[in-house]
Amino acid sequence: MSEQKKVVVIGGGITGLSTAYYLQKEAKEHNLPLNVQVVEGSNRLGGMIETEKKQGFTIERGPDSLLARKPSVFRLIDEVGLTSDLVTVATGKSYVLANEKLHEIPSGSFMGIPVQVRPFVFSSLFSSQGKLRAAGDFIKPKSKPQTDQSLGHFFRNRLGDEVVENLIEPLLSGIYSGDIDNLSLMATFPNFYQLEQKYGGIVRGLQKTVPKPSTNKTGKKPSPFRTLQNGLGSLVEAVSDSLEEGSVQLETSVTQIEKKAQGYELKLHNGEVMQADSVVITTPHYAAQSMLSQYSFMDSFKEMPATSVANVAMAFDQSAIQQDINGSGFLVSRNSDYRITACTWTHKKWPHTTPDGKALLRAYVGKPSDQGAVDLSDEEIADIVLQDLNKTMNITQKPEFTVVTRWRDSRAQYTVGHKDRLKQIQADMADELPGVYLAGASYEGLGIPDCIDQGEKAVENVLDYLKAK
């Protein structure tokens, strides 16, 4: 790379920011003539990561935790000097609301699948028939090899409907905000399919491969979740502050990307044109398709669904909650007639977010069959949440304040066949649009670490492409 090259990163969420950060780092360390520009259509960076400080509370409008076993986010946190701000969950207990009661999630389960049999057998969450059906995983032969299938079909076949609907479905739907009977197994949890194929069953496979839980000095199993003292928004701020001055343009949308003899032209919403030698698109799939609508191989993104979700943070005086429970929150079984899908007791999960003597709850609405909930007014959503919470918690006062956040079309649905469709699009892009790459929550994982992983992979692709030019 002898002459200066320009890379445009479209989208200023965590994927775009980490892509730009690592590109600039590589350029500095290897003295590469690289100009990196981030363009973001909204007036802020961070995408779904957004932290609000209000009356002494720290409120996450988007994700509130990081999975400890996924290292890329912790590498980035270390890079920008925030490692000392990491906080561990204060309570490990969580529950499922089923049959009008809160049931503790059985210990020794992995993503809702029993690894230790004893806690599962004594759990009040399942009937005797449900437990017996789940035990069928030990005697059922492995399924015939398949290229893909739905998560729901796979787990129902192995463990039965009751375990799926009371535990696995609420957990996995909480991650993907989708219908597990449509979501792709191979695009979300291919490891479960591989375990079944190798060991003949999921439970047996997990028992052989999941390490025995270690305990800390108190004898407790360490929590798999972390967050940052000042909210996950502090990571967005730290990464954006680490970028070279002038690297970011807010309120700048790309409407079209056109291939030219020398690189690419990006048409902007204001009529201006930006030149690029390489482009990383970190926007949702429907925006990527719109920018490249002249290419028919992008059309399958038109059919790819995305769900909307809303969450409500409610601040209370501690005295308002008559039945406070020791735990981090609960998921709602999809058999229940509740409109909320989950509730986090934030003051228990992350005590540092809440002033002494106060309580902070965060509830979620917008399950796949109730998308209209997201379009209701703030007051209507708050009323739904309070009505549902009162069925389990007996809240005697109105909240001191509520913060309602809507994320429309924010959860890309990896439906059956997603991996193959994406692979085909990436192959067509390599042929027709060399130097243009996709990364982000619509493509190969929607958690924060998954998005950072994709950003790092995009950096490798961009550098390899530019060096070969």
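In the hairpin formed by strands E13 and E14, four residues lie between the strands, and glycine 263 adopts a positive phi near 75°. The model is predicted: local features need pLDDT of at least 70 and side-chain atom pairs count only at pLDDT 80 or more, while totals for chains, interfaces and linings use all residues. Residues are numbered from 1 along each chain as its sequence is written, and side-chain values use heavy atoms, with hydrogens and water left out.

Strands (E, at least two residues) and helices (H or I, at least four) are DSSP runs numbered from the N terminus, and two strands pair if DSSP finds at least two bridges between them. E13 (residues 254-259) runs antiparallel to E14 and is joined to E14 by five bridges, with lysine 259 opposite tyrosine 264. On the other pairing, E14 and E15 (residues 273-276) are antiparallel over four bridges, and tyrosine 264 stands opposite alanine 276. The E14-E15 hairpin also has four residues between its strands, and glycine 271 in the turn has a positive phi of about 90°. In a regular strand, side chains alternate between the two faces of the sheet. In E14 (residues 264-268), Tyr264, Leu266 and Leu268 form the covered face, whereas Glu265 and Lys267 form the uncovered one.The accessibility classes behind this description are buried, under 20% relative accessible area, exposed, over 50%, and partly exposed in between, with a 1.4 Å probe and protein chains only.
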